[in-house]
Amino acid sequence: MILIGQYDSPFVRRVGIALRLYGLPFEHRPWSTFGDGDKIAPYNPLRRVPSLVLDSGEALIESAAILDYLDELVGPEKAMIAGSGPDRYRALRVCALANGLGDKAVSLLYERVLRKEPSKIWVERCEAQIGSVLEMLEKERAATRTPFWFGPRIGHADIAVGCVLRFTGEAHPSLFDRARYPALSAHSAACEALPPFQEIVQPLAPPSGD
Ligand SMILES: N[C@@H](CCC(=O)N[C@@H](CS)C(=O)NCC(=O)O)C(=O)O
C-alpha cells in the first residue's frame, strides 16, 4: 500500500499511525497538496490527502473511509474501534469532533496564509468553532479515568485527537493554550510519547500564497 500526503496533515498522520500500530507495511509519498497537486490528481481528483493506494492500484480517499478499510483488513480483534453499538458510535463521535476541528484549523490556516486580507467573519467563525470543540473535548477527556479515551487500549479517537491537537497547537498556538486545556494537554503528551507518534511526524509546513 502507498500512503500519499505529508505528516503535517492531522488526517494523513492519523492514517500513518494507524497503519504502523496495525503492523501493516506501506510506502509513503510525502506529496504536498499545493506543490504536488498534479501527482495527487490521478489518485484523487480533489487533490486532497490522505489517499491510500491499494496493491490493486485502486485509491481510497477520506481518512475515515481509509481507516474503515484498514479495520476490516486487520479484523475485529485488532481493530481500534468497536464493531457496533454504543462503544462504536461514541468513538465515532469523538473522531468526528477531532476531524471537524482539523477541518476548521486547516481552513483557518489557509485563510491566513493564502489570502491577502482574511475574511473577518470567517476567521471569527473558525476560531469560535475550534474553541467550542476544544472545550467539549476537554470536559469529556477530564471525566475519563482510563489511560485512553475509551479504555485501556489506544483507539482511533485517541489518535485523531492526538494528531489534531498537535496540528492546532502548531498552526494556531493562541487557540490551543495548554494551560486552559490540561486534560487535552496530558492526552497530547501521552500520545506524542508513543513510538509511532514519534516516528510519524512532520513539523508544520503551511502552503504559501505566492
Ligand atoms: N475530510 C478529509 C480532510 C482532508 C484534508 O482536509 N486534507 C487537507 C490537508 S490537511 C487537504 O488535502 N487540503 C487541500 C485541499 O483541501 O484542497 C479527510 O478526513 O481525509
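Author: A crossing is called left-handed if the near helix is turned anticlockwise from the far one by less than a right angle, and right-handed if clockwise. The model is predicted, so local features need pLDDT of at least 70 and side-chain atom pairs pLDDT 80 or more, while totals for chains, interfaces and linings use all residues. Residues are numbered from 1 along each chain as its sequence is written, and side-chain values use heavy atoms, without hydrogens and water.

Helix α4, residues 85–114, passes α6 in a left-handed crossing. Their axes come within 9 Å and cross at roughly 20° (axes are lines fitted to C-alpha atoms over the stretch in contact; angles run from 0 to 180 degrees between N-to-C directions). α4 is therefore roughly parallel to α6 (under 35 degrees; over 145 is roughly antiparallel, 65 to 115 roughly perpendicular, the rest oblique).

On the α4 side, the contact (heavy atoms within 4.5 Å) includes A91, V94, C95 and A98. The contact of α4 with α6 has 14 nonpolar, three polar and no charged residues (nonpolar: Ala, Val, Leu, Ile, Met, Phe, Trp, Tyr, Cys, Pro; charged: Asp, Glu, Lys, Arg; polar: the others, Gly among them).

P10, R13, R14, I17, A18 and L21 of α1 make the contact, with α6 residues including H156, I159, R166 and F167. By class, the contact of α1 with α6 has nine nonpolar, one polar and three charged residues.

Conventions:
Helix = DSSP H or I, 4+ residues; strand = E, 2+ residues; numbered from the N terminus.
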